[in-house]
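Q: Hi, could you walk me through this one? I'd like the overall layout before we get to details.
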Amino acid sequence: MSLPQQLRDESDFDQLPDNIPVTATIADIEEKKGFIVYYRFVIEVKTKGNSKYLIYRRYRQFFALHQSLELKYSAETQPGYYTCQLPNLPGKVFMGNKKEIAESRIPELNNYMKRLLCLPTWVLLDDLIRMFFYQTESDSQQVPRALRRLRPPTRRVKTVKPKTDLFSAPRAEAVFDFSGSGRLELNLKAGDVIFLLRRVNADWLEGTVRDKTGIFPESFVNIIKPLPESDSDEEGGASKSGNHDQ
């Protein structure tokens with residue numbers, strides 16, 4: 001299901017602008033070192049208009065958002081017509097390994113964002129939510145890493161040469177360096193031109209560069225010429241016949 005069912009059933013959903021976020025998924029966590037060490041969540045946001053981008057948020061930003069929403073929409077603090085049942089946010093943890101705490105919060109925060117973006121459309125238009133999911137200039141300047149939670153199951157891939165007509169072949173240009181995890185994933189350098197072979201899932205592509213074939217995350221590249229819509233696993237591609245590595 002591409003959109004939360006509640007949103008699809010709202011009669012006024014079509015009136016929302018295309019840049020409204022409709023899904024958000026934590027792709028990874030990243031350690032940040034400074035005066036203190038902390039972890040932030042790398043979140044892939046998808047909008048009503050089908051655009052995708054990454055934002056970087058700490059738990060404290062989730063907590064601040066939730067407090068503001070409670071003050072504004074909770075029936076206990078703001079009785080009236082414009083109230084709603086807010087989802088539960090995982091509580092603060094004051095002791096323990098910070099990385100383990102961040103990892104353990106991922107399922108709960110994913111569920112929190114899913115339920116948050118299923119609230120009535122008039123809540124989605126609130127600046128509190130729109131600004132939380134907005135890709136700031138700082139977000140856009142970050143270099144994503146492995147995005148391991150978006151990685152598809154590894155599979156054996158066939159080496160397929162790109163079309164001889166290079167100018168008409170589907171291709172992309174690497175925007176960031178990417179270090180593949182294992183032999184099934186491509187290593188990319190910013191500026192590499194990758195010839196696209198197929199779409200693995202909504203977030204990963206398969207392609208070839210420098211006579212090597214493998215998979216890589218779409219968020220690391222800029223699509224120059226897209227694949228035909230039929231070249232995807234969902235349309236009956238290699239997932240039906242590929243052997244899986246254990």
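A: Happy to! Starting at the N terminus, the elements run α-β-β-β-α-α-α-α-α-β-β-β-β-β. Helices (H or I, at least four residues) and strands (E, at least two) are DSSP runs numbered from the N terminus. This is a predicted model, where local features need pLDDT of at least 70 and side-chain atom pairs count only at pLDDT 80 or more, while totals for chains, interfaces and linings use all residues. Residues are numbered from 1 along each chain as its sequence is written, and side-chain values use heavy atoms, leaving out hydrogens and water.

Q: Thanks! How many helices and strands are in the chain?
A: The chain has 6 helices and 8 strands.

Q: In what order do the 3 strands of the open sheet come?
A: The order is 1-2-3, with antiparallel pairing. Two strands pair if DSSP finds at least two bridges between them. Strand 1 (21-32) and strand 3 (52-57) are the edge strands, each pairing on one side only. From one strand to the next, the twist averages 25°.

Q: And over how many bridges do strand 2 and strand 3 pair?
A: Strand 2 (residues 38-47) pairs with strand 3 over 6 bridges, in the antiparallel sense. V45 stands opposite Y53 in strand 3.

Q: Which strands does helix 2 lie across?
A: Helix 2 (residues 59-73) lies across strand 2 and strand 3, and runs at about 95° to strand 3. Helix 3 (residues 98-116) packs on the sheet too, touching strand 1 and strand 2, and its direction makes about 175° with that of strand 1. Contact means heavy atoms within 4.5 Å. Axes are lines fitted to C-alpha atoms, for helices over the stretch in contact, and angles run from 0 to 180 degrees between N-to-C directions.

Q: Switching topic: where is G191 found?
A: G191 is in the loop between strand 4 (171-174) and strand 5 (193-199).

Q: What does G191 touch?
A: Not counting residues up to four places away in sequence, G191 touches E173 and A174. G191 and A174 are 17 residues apart in sequence, and their C-alpha atoms are 5.2 Å apart in space.

Q: Why does G191 count as partly exposed?
A: Because its relative accessibility is 39%. Buried means under 20% relative accessible area, exposed over 50%, and partly exposed in between (1.4 Å probe, protein chains only).

Q: Last one: what share of the chain is buried?
A: Buried residues make up 41% of the 246 residues.
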